[in-house]
Amino acid sequence: MSVNQLSDSAQNYLKIIFGLNEWSADPVTASIIANKSGMKLSTVSGALSKLRQQGLLDHAPYGAVTLTELGREYAVTMVRRHRLLETFLVQMLGYRWDQVHDEAESLEHAVSDFMIERIDNLLEHPTRDPHGDPIPTAEGRISIPQAFNLGEARDEAHVLVERIADDDSQLLQYFSDHRIIVGAQLHVTAGEKFSETVNVEVASTGETLRLGSRAAAAIWVSAAP
């Protein structure tokens with residue numbers, strides 16, 4: 001069996017599970033997958049059972065969900081397709097970074113491996129997608145940047161934006177409007193006590209923004225050189 005023999009739904013579940021583990025060490029549960037996918041918990045539980053029977057994941061009742069070696073291989077294949085497609089749409093077709101996620105979600109199930117490799121060659125083998133997520137190699141190798149969440153940055157820190165979550169297109173557009181993009185340098189100061197906010201000065205514009213916890217949670221950074 002190859003990843004192309006799986007249903008679109010199965011491919012999506014594997015990709016979601018991989019993504020939930022990519023930037024967090026927290027256990028992945030059926031309820032978390034349901035929240036991420038927008039599906040009912042009963043629907044997710046049934047899908048996970050089928051994937052377990054196919055040898056693609058391990059899932060004890062009420063326990064954490066983990067991918068098997070084969071499941072991870074298939075998940076990485078889908079992640080590679082998705083992120084290369086997003087990069088292609090931005091670099092070659094002029095899409096904004098807040099427009100590409102849903103488009104790539106549709107295309108990734110239809111493209112052939114041959115087309116993906118042609119896109120990779122055309123783009124000269126990019127290592128990161130427009131949101132900063134690492135693009136796996138054709139051999140399945142993936143290198144996660146050393147980054148931490150903006151909300152964990154110390155007061156008066158100077159940081160470099162490494163990755164911005166692509167779940168919320170409106171939030172992406174807000175970041176873009178204010179030049180908070182991958183590669184941007186930020187000066188971080190603490191928000192008012194108990195406000196659950198963080199203040200960031202964008203180096204390229206000098207603008208200072210007050211970001212709430214949801215916005216801060218979407219940004220991963222590293223210490224600026």
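This tour moves through a predicted model, one selection at a time.

Begin by selecting residues 6-68, the range to which an unreviewed UniProt entry assigns the feature "domain: HTH dtxR-type".

Next, select strand E1 (residues 57-59), where His59 is found. Is His59 buried or exposed? His59 counts as buried because its relative accessibility is 18%, and the cut-off for buried is under 20%. Leaving aside residues up to four places away in sequence, display the contacts of His59: Ala30, Leu48, Arg52, Ala64 and Val65.

Now turn to the largest nonpolar core, which has 27 residues. Select Leu150, Phe175, Ile180, Leu211 and Ile219, the members that touch the most others in this core. At least two residues of this core come from each of several elements, including helix H7 (169-177), strand E5 (185-190) and helix H8 (213-217). Strand E4 contributes the most, with four residues.

Stay with Ile219 and show its contacts, again not counting residues up to four places away in sequence; among them are Phe148, Val161, Phe175 and Leu211. A second, separate core holds 25 residues, including Leu14, Val28, Leu51 and Leu56.

Finally, move to the surface and select Met92, Leu93 and Leu122, which form a nonpolar patch with about 290 Å² of accessible area together. Leu122 belongs to helix H6 (residues 113-122). Leu122 has a relative accessible area of 48%, so this residue is classed as partly exposed.

Note on methods:
Residues are numbered from 1 along each chain as its sequence is written. This is a predicted model: local features need pLDDT of at least 70, side-chain atom pairs count only at pLDDT 80 or more; totals for chains, interfaces and linings use all residues. Side-chain values use heavy atoms; hydrogens and water are left out. Patches are made of residues with over 30% relative accessible area and no salt bridge: like charges are joined within 9 Å, nonpolar side chains (Val, Leu, Ile, Met, Phe, Trp, Tyr) within 5 Å. Accessible areas come from the Shrake-Rupley method with a 1.4 Å probe; for residues, only the protein chains shown count as cover. A salt bridge is a side-chain nitrogen of Lys or Arg within 4 Å of a carboxyl oxygen of Asp or Glu. Buried means under 20% relative accessible area, exposed over 50%, partly exposed in between (1.4 Å probe, protein chains only). Contact means heavy atoms within 4.5 Å. UniProt positions are given in the numbering used here, feature names are shortened, and annotations may be inferred rather than shown by experiment. A nonpolar core is a set of buried Ala, Val, Leu, Ile, Met, Phe, Trp, Tyr and Cys residues joined through side-chain atoms within 4.5 Å.
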